[in-house]
Amino acid sequence: MMTDKVTSQDVARLAGVSQSAVSRVFTPGASVSAAMSRKVRDAAETLGYRPNVLARSLITGRSRIIGLVVAYLENQFYPVAIEHLSRALQAEGYHILIFMAGNSDAQIEEVMQELIDYQVDGIITASVGMTNNLTERCEAAGIPVVLFNRAQDGTAHSAVTSANRAGGAKVAEFLIAAGHRRIAHISGWLGSSTGRDRHDGFLDALKAAGHAPAAVLEGMYTREDAADAARQMMAMDDPPDAIFVGNDHMAFAVMDVLRIELGLRIPDDVAVVGYDDVPLAAWPAFDLTTVRQPVNRMVSATVDTMLAKIGDRARPAARIEIDGPLILRGSTRNPDEASR
């Protein structure tokens, strides 16, 4: 049986308040007393009323939705980051609309246009690049963009990353101090700022200490490419005794190749260091030494930057880098062991 739709006027009548009071109660961030809120919500529950979010967005010009574009979820870092982003934005009265996109310009452009069509209040891209064309279209639509765990040349968009160059340098310095001399690197995709910065920081620190890398191969942030790179390295006449892998997702594949396929001992035969410190890195099966990406602080900075930009579209873009520690576990030996 069809029933008449309950309106905010019905709720106002039952609660004995004005329609504008009902609107304030259901508007995130609006000023309203606890007593008023309880009275209105009790009336709404009695009548089965739900506010029309889409209609309100047409009036206010705000959808209270943030679009999140993610390139891939295979990397265990991103489900954790998405959960934190979602909770942080919900606490501010926003919700996220998640779109998946590959790293091809065509896929990214299609997804970004959809988000523009949805009239989202802002867009967060997680390890997704932005072309100049996309940048111009977002600016023309008045939609601020914040890059998460990826940066780009220029100052069009704000970006929040870990201190990737410093992180790569920490790994090189640690492995040298631990007595390794044949140190190799399996990088992430060098077309990304994170892959390049970790790669460059690592190699620059090796060079500064008078070391040349035993080998450098690109792992493309995939398990398959990282595993192939490990096989190639260990087939060398003089294989590495330590490998820095550009993220934990690839490092797990490298460790599986070393132990299961090649029968090598970690860290006795070869040490392995990752980057991210995803929860799986602490599991006894991997016990991976890794650079921690401070996801809580990265998410907080991303949300703060986005909200500030929504509040002031003329606010200049910011580049934020957050340092993370090297977390020592059993996949490496400690420097003090090298001197024994």
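Which exposed residues does the face of α3 turned away from its buried side carry? In this predicted model, that face holds A34, A35, E45 and T46.

**Helix α3**

Helix α3 runs over residues 34–47, and its 14 residues reach 20 Å from the first C-alpha to the last, close to the 20 Å expected at 1.5 Å a residue. Its buried residues are S37, V40, A43 and A44. They cover an arc of only 135° around the axis, which puts them on the same side of α3. An α-helix has 3.6 residues a turn, so residues three or four places apart point the same way. The buried residues of α3 pack against α1 (8–15) and α2 (19–25). After the helix comes G48, which has a positive phi, near 75°.

**Aromatic rings**

The structure contains 4 aromatic pairs. Two of them are listed here.

| Pair | Distance of centres | Angle of planes | Kind |
|---|---|---|---|
| F77 and Y78 | 5.4 Å | 80° | edge-to-face |
| F77 and F148 | 6.3 Å | 5° | stacked |

The pair of F77 and F148 links distant parts of the chain: F77 belongs to helix α5 (residues 77–91) and F148 to strand β4 (residues 145–148), 71 residues apart. Through ring pairs, F77, Y78 and F148 form a cluster. F77 counts as buried because its relative accessibility is 4%, under the cut-off of 20%. Y78, at 2% relative accessibility, also counts as buried, and F148 is buried as well.

**Charges over rings**

R64 lies over the face of Y94, at 4.1 Å from the ring centre. R198 is placed over the face of Y275, at 3.8 Å from the ring centre.

Key. Residues are numbered from 1 along each chain as its sequence is written. This is a predicted model: local features need pLDDT of at least 70, side-chain atom pairs count only at pLDDT 80 or more; totals for chains, interfaces and linings use all residues. Side-chain values use heavy atoms; hydrogens and water are left out. Helices (H or I, at least four residues) and strands (E, at least two) are DSSP runs, numbered from the N terminus. The expected span of a helix is 1.5 Å times one less than its number of residues. Buried means under 20% relative accessible area, exposed over 50%, partly exposed in between (1.4 Å probe, protein chains only). The arc is that of the directions from the helix axis to the C-beta atoms. Contact means heavy atoms within 4.5 Å. Rings of Phe, Tyr and Trp (its six-membered ring) pair if their centres lie within 6.5 Å; planes under 30 degrees apart count as stacked, over 60 as edge-to-face and the rest as tilted. A charge sits over a ring if NZ of Lys or CZ of Arg is within 6 Å of the ring centre and within 35 degrees of the ring normal.
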